[in-house]
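Please find below some notes on the model you sent.

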Amino acid sequence: MGMQSDWERTLEQLMALATSGDTARGLFLNRTLEAVRSLGDEAAMARCQAVLGQQRLMDFVNYPVTLLIRLTMAAVRELSARHGGAEQVLRMLGQKAAVGLMSSAVGSAMCSQSDTSTDHIASSLQAIYKVTSNYGERAMEWLGPRHGRLVMRRSFLPMPYHEGAMVEVLERLGARNVRVRGGVLGPLDSEYDFSWE
């Protein structure tokens, strides 16, 4: 075993701050496994599956967020060497989760409106986080017609994960040439400056 990576330490710190009441939808766990299946190999898949034991996960059932963090840590460990490092893998995992969410009934309803107005984007981003987790707070601020900032309080996944997820969601809502840049505000708090053309 090599030295623990910075991202592993970050994920362990996030896990230590979670309470037993903090949950996330099984959708995120299932999409993480899908990412490992498509980007890794059978051995990587088996090691990640071992984190979950024998349980079968349902997309819209709540599971402890610590389980999602442990699975994310295992996926980063398995995929980072062959896919551009841990930060890039975290973005890919966030993107994969967003693809799954936007393909669900909730996401399909949002996408069917084909509306890139600030009101639609803001309400969609807020709704996504509300239906997928029971923790944290999000606040949206508009800095221009196609430029905003999303502040997340008590979020248990690292910044690159949310960056990847936000790019995917905004693109599926009809935004083009999306840019998202995250910044750390505290141990569980971050902000995301996003814009599109």
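**Notes on helix packing and strand pairing**

1. H2 and H5 cross in the right-handed sense. The model is a predicted one, and the points below should be read with that in mind.

2. Two packed helices are described by the angle between their axes and the distance between the axes. Here the axis of H2 (residues 26-39) comes within 9 Å of the axis of H5 (residues 86-103), and the crossing angle is roughly 120 degrees. Because angles of 65 to 115 degrees count as roughly perpendicular and only those over 145 as roughly antiparallel, H2 is oblique to H5.

3. On the H2 side, the contact is made by Leu27, Phe28, Arg31, Thr32, Glu34, Ala35, Ser38 and Leu39. H5 contributes Met92, Leu93, Lys96, Ala97, Gly100 and Leu101. Sorted by class, the contact of H2 with H5 comprises 8 nonpolar, 3 polar and 3 charged residues.

4. Turning to the strands, S3 (residues 137-144) and S4 (residues 147-153) run antiparallel and are joined by 7 bridges. One of the bridges pairs Gly144 with His147 of S4.

5. S4 also pairs with S6 (residues 190-195), again in the antiparallel sense, over 6 bridges. Gly148 has Phe194 of S6 as its bridge partner. S4 therefore has bridges to both S3 and S6, since two strands pair if DSSP finds at least two bridges between them.

Technical notes
Residues are numbered from 1 along each chain as its sequence is written. This is a predicted model: local features need pLDDT of at least 70, side-chain atom pairs count only at pLDDT 80 or more; totals for chains, interfaces and linings use all residues. Side-chain values use heavy atoms; hydrogens and water are left out. Helices (H or I, at least four residues) and strands (E, at least two) are DSSP runs, numbered from the N terminus. Axes are lines fitted to C-alpha atoms, for helices over the stretch in contact, and angles run from 0 to 180 degrees between N-to-C directions. Angles under 35 degrees count as roughly parallel, over 145 as roughly antiparallel, 65 to 115 as roughly perpendicular and the rest as oblique. A crossing is left-handed if the near helix is turned anticlockwise from the far one by less than a right angle, and right-handed if clockwise. Contact means heavy atoms within 4.5 Å. Ala, Val, Leu, Ile, Met, Phe, Trp, Tyr, Cys and Pro count as nonpolar, Asp, Glu, Lys and Arg as charged, and the others, Gly among them, as polar.
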